[in-house]
Amino acid sequence: MQKTLVIFKPSAMERGCVGQILTRFQQKGLIISGLKMMRLDEAILREHYSHLVEKPFFPILLKTMMASPVIVACLAGVDVINVVRMMTGATNGRDAQPGTIRGDFAMSNQENIIHASSSAEDADAEIRRFFKPEEIFEWPPAYMDFIYSTLEIDE
Ligand code: TYD
């Protein structure tokens, strides 16, 4: 089953909304395959945000991503990368649709609560960046038949 990576950024940690957001993912029917707390350092952030290192806001982005520990989650589900991106909403919280996580919790382009992988290639690299293989669990929960039809799971 497809997997994606979510980071609960310092904005979520400081504002105490990790539980509410994790609940949204569980409510939707996504499976938690990995979950842990860690501090991000400059090296991992330079790799993770390599597409942004030349941007003028990069030093501020680095600082805020290291402002507190973060929680990283690996979520599993059918088409989970796209589903989580839709649930996350636009980068800038002020542009994000109400009902999305950023639309409901953020007022900022930078302090935007969570990161979510944007493609299959990124998800694969990001899960390997933040988790050791033994920290990812394959466990189809007992309730799976009530989340998907058997045809969808076999896809
Ligand atoms: P990006 O990968 O473009 O967006 P997304 O998180 O929606 O995939 O940007 C990564 C992070 O960089 C973004 O979540 C917050 C920060 N950022 C800024 O601080 N200012 C900006 O103008 C942009 C585009 C991003």
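1. The main nonpolar core. In this predicted model, the largest nonpolar core has 25 residues. Phe 8, Ile 21, Phe 25, Leu 75 and Ile 113 are the residues with the most contacts inside this core. At least two core residues come from each of these elements: strand S1 (3-8), helix H2 (18-28), strand S3 (70-76), helix H5 (80-88), helix H6 (101-105) and strand S4 (114-116). Helix H5 gives the largest share, 5 residues.

2. Ile 113 and its surroundings. Which residues does Ile 113 touch, not counting residues up to four places away in sequence? They are Ile 7, Phe 8, Lys 9, Ser 11, Ala 12, Arg 15, Cys 17, Ile 21, Ile 101, Phe 105 and Ala 106.

3. Ser 11. This residue lies in helix H1 (residues 10-15). Is Ser 11 buried or exposed? Its relative accessible area is 8%, which is under the 20% limit, so Ser 11 is buried. Apart from neighbours within four places in sequence, Ser 11 is in contact with Glu 111, Asn 112 and Ile 113.

4. Helix H4. The buried residues in helix H4 (residues 58-65) are Phe 58, Leu 61, Leu 62, Thr 64 and Met 65.

5. The loop between H6 and S4. Asn 109 is found in this loop. With a relative accessible area of 45%, Asn 109 falls between the limits of 20% and 50% and therefore counts as partly exposed. Leaving aside neighbours within four places in sequence, Asn 109 is in contact with Thr 91, Asn 92, Gly 93 and Arg 94. Asn 109 and Asp 95 are 14 residues apart in sequence, and their C-alpha atoms are 8.8 Å apart in space.

6. A nonpolar patch on the surface. Phe 137, Trp 139, Tyr 143, Phe 146 and Ile 147 form this patch, and together they have about 580 Å² of accessible area. Ile 147 is placed in the loop between helix H7 (120-130) and helix H8 (150-153). The relative accessibility of Ile 147 is 34%, between 20% and 50%, so this residue is partly exposed.

7. Order of the elements. How many helices and strands does the protein have? There are 8 helices and 4 strands. From the N terminus on, they follow the order β-α-α-β-α-α-β-α-α-β-α-α.

8. Overall dimensions. For 155 residues, a compact globule would have a radius of gyration near 15 Å; the protein has 15 Å, and therefore agrees with that expectation. The C-alpha trace spans about 50 × 35 × 25 Å along its principal axes.

9. Of the 155 residues of the protein, 47% count as buried. The accessible surface comes to about 8,600 Å², and carbon and sulfur atoms account for 54% of this area. Among contacts with a separation of 6 or more, 74% are between residues 24 or more positions apart.

How values were computed: Residues are numbered from 1 along each chain as its sequence is written. This is a predicted model: local features need pLDDT of at least 70, side-chain atom pairs count only at pLDDT 80 or more; totals for chains, interfaces and linings use all residues. Side-chain values use heavy atoms; hydrogens and water are left out. A nonpolar core is a set of buried Ala, Val, Leu, Ile, Met, Phe, Trp, Tyr and Cys residues joined through side-chain atoms within 4.5 Å. Buried means under 20% relative accessible area, exposed over 50%, partly exposed in between (1.4 Å probe, protein chains only). Contact means heavy atoms within 4.5 Å. Patches are made of residues with over 30% relative accessible area and no salt bridge: like charges are joined within 9 Å, nonpolar side chains (Val, Leu, Ile, Met, Phe, Trp, Tyr) within 5 Å. Accessible areas come from the Shrake-Rupley method with a 1.4 Å probe; for residues, only the protein chains shown count as cover. A salt bridge is a side-chain nitrogen of Lys or Arg within 4 Å of a carboxyl oxygen of Asp or Glu. The radius of gyration is taken over C-alpha atoms; the globule rule is 2.2 Å times the number of residues to the power 0.38.
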